[in-house]
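Me: I am new to this structure and would like to learn how to read it. Could you take me through a few features, one at a time?

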Amino acid sequence: RRSVDHLRVSLARSKTIPVEIDLKPTGMSRTGNLALAEVISIIMPHVHRLRALRLGTISAADVPNALAFLRSRSFPVLRALTAYPESQSHTLELEPHRFPGLRELCFERLNVFSSIAVMSQLTTLRFNAFNGLDDAFTMDSLLTAISSMANLADLVLSHVYFRNTVIYPSA
């Protein structure tokens with residue numbers, strides 16, 4: 001309860017200043033510290049001034065709410081987004097008119113690579129633990145997305161697997 005009160009007070013005191021929200025990556029619903037639905041309801045009126053949103057680990061039960069929140073709002077000053085859903089393979093479209101300032105994207109188990117326009121804005125991309133269960137996510141789509149990232153300075157890809165990748169023998 002103290003965490004929720006602290007979040008409310010901090011947002012109220014910050015008035016119109018851009019803010020960064022960093023939730024502990026411990027699975028909010030499991031710990032009982034912060035239920036993600038409650039956090040979303042608290043930050044909803046402030047999305048226009050979120051500079052960073054680090055959701056941390058999102059429990060499988062909270063993933064639909066988190067994705068709905070990210071799909072339904074515009075984040076005009078958001079520069080950094082971090083999300084680690086526990087459940088498998090989700091797609092999240094990041095339209096440039098809703099994420100015009102996004103520069104840093106860190107995530108697991110989310111296919112965002114069809115969002116080429118936003119990808120070209122990124123300076124940092126950290127992508128972990130995608131098992132390739134989504135047939136729409138291919139090596140070609142990953143390479144196409146990466147090739148559009150002219151501003152990319154920091155790229156970390158780990159534990160990324162594809163079911164539909166063909167390995168060509170060397171000549």
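Reply: Let us begin with two words: a residue is buried if its relative accessible area is under 20%, exposed if it is over 50%, and partly exposed in between, using a 1.4 Å probe and protein chains only. Helices (H or I, at least four residues) and strands (E, at least two) are DSSP runs, numbered from the N terminus. This is a predicted model, where local features need pLDDT of at least 70, side-chain atom pairs count only at pLDDT 80 or more, and totals for chains, interfaces and linings use all residues. Residues are numbered from 1 along each chain as its sequence is written, and side-chain values use heavy atoms, with hydrogens and water left out.

Me: Which residues of α1 are buried, and which exposed residues does the face turned away from them carry?

Reply: V4, L7, L11 and S14 are the buried ones in α1. They sit on the same side of the helix, because their arc is only 105 degrees around the axis; the arc is taken from the directions from the helix axis to the C-beta atoms. On the face turned away from that buried side you find the exposed residues R2, H6, A12 and R13.

Me: What covers the buried residues of α1?

Reply: Contact means heavy atoms within 4.5 Å. The cover includes β1 (19-22) and α3 (36-43).

Me: How far apart are the end C-alpha atoms of α1?

Reply: The expected span of a helix is 1.5 Å times one less than its number of residues. For the 13 residues of α1 (residues 2-14) that gives 18 Å, and the end C-alpha atoms are 18 Å apart, which agrees. Just after α1, K15 takes a positive phi of about 50 degrees.

Me: Now the aromatic rings, please. How many aromatic pairs are there?

Reply: Rings of Phe, Tyr and Trp (its six-membered ring) pair if their centres lie within 6.5 Å; planes under 30 degrees apart count as stacked, over 60 as edge-to-face and the rest as tilted. By this rule there are 3 aromatic pairs. F75 and F99 form a stacked pair, because their ring centres are 5.2 Å apart and their planes at 15 degrees. F75 lies in the loop between α4 (63-72) and β3 (80-85), and F99 in the loop between β4 (90-91) and β5 (104-108), so the pair ties together parts 24 residues apart in sequence. F75 counts as buried at 0% relative accessibility, and F99 is buried with a relative accessible area of 0%.

Me: Which residues do ring pairs link into a cluster?

Reply: The cluster consists of F69, F75 and F99.
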